[in-house]
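Dear colleague,

I am handing over a structure for you to look through, and my notes on what was found in it follow below. Please keep the sequence and the coordinates open beside the text as you read.

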Amino acid sequence: MQKFLLLLVVLISCVIVTSAQEAKQEQPAKKGCSCSFSAIIQGGILHGSRGGYFQAQIINGIRYKTWFAGLGAGLDFYYRPGIPLFVDIRKNILDNPGALFLYVDAGVHLPVKRNEKINAWTQNEYSNSFYGDGGVGYAFGFHSKVHWVFSTGYSYKEGSYKVINPGSGCTGPTCGELYYNYKKYFHRLTVKLGFQF
């Protein structure tokens, strides 16, 4: 748990430093372009059949008119903790900064724990799997360049793993390794609150 918190602090620090350097984000990135750099930091709750868990995300990208596209990373503590890496697309319904928006994320979920020994004869090997999220939100500002962002939606991740049984404790040289592949599907309600620079 301390490693996760340390990673979260490092990620947030990197984004804050980056955002401070991009304080003039509303100005066009180059002449003739109405796009600007933007960062989103948000945290919230994932709730599904296994209960409620914390999540945090950092997204860096580009705004163009009513569109936003960026790359994100986060911490997903739901059941099997992991790090989702994803592409984030947002579309404002109205053409103003404080507005209702739709969003969709898609990417990969990297499990924090790759191997887990179950007993003397069995171990689990976890692999990368699909991550997705989509929903609706509202951005509202407390000044012109920073906005609070509230969103809710549906979040999905897969949990792929292999159960390995190296011969059921056999000590001879001809023992065969048995393994079984499993995939679990986690459907969650997500609620997030953060801010966008």
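β2 and strand β3 (residues 67–76) pair in the antiparallel sense over 10 bridges, where strands are DSSP runs (E, at least two residues) and helices likewise (H or I, at least four), numbered from the N terminus, and where two strands count as paired if DSSP finds at least two bridges between them. Within this pairing Ile59 stands opposite Gly72 in β3, and the two strands form a hairpin with two residues between them, Lys65 in the turn having a positive phi of about 55 degrees. Leu46 stands opposite Tyr53 in β2, and a hairpin links β1 to β2 through two residues.

Before going further, please note that this is a predicted model, in which local features need pLDDT of at least 70 and side-chain atom pairs count only at pLDDT 80 or more, while totals for chains, interfaces and linings use all residues. Residues are numbered from 1 along each chain as its sequence is written, and side-chain values use heavy atoms, with hydrogens and water left out. The protein averages a pLDDT (the predictor's confidence in each residue, from 0 to 100) of 81, and 74% of the residues score at least 70. Over residues 4–29, however, pLDDT stays under 50, and the model has 37 contacts beyond four places in sequence for them, a contact meaning heavy atoms within 4.5 Å.

Ile93 lies in the loop between β4 (82–92) and β5. Because its relative accessibility is 46%, Ile93 counts as partly exposed, a class that falls between buried (under 20% relative accessible area) and exposed (over 50%), with a 1.4 Å probe and protein chains only. Leaving aside residues up to four places away in sequence, Ile93 touches Leu100, Phe101 and Leu102. The C-alpha atoms of Ile93 and Trp67 are separated by 9.5 Å, the two residues being 26 residues apart along the chain.
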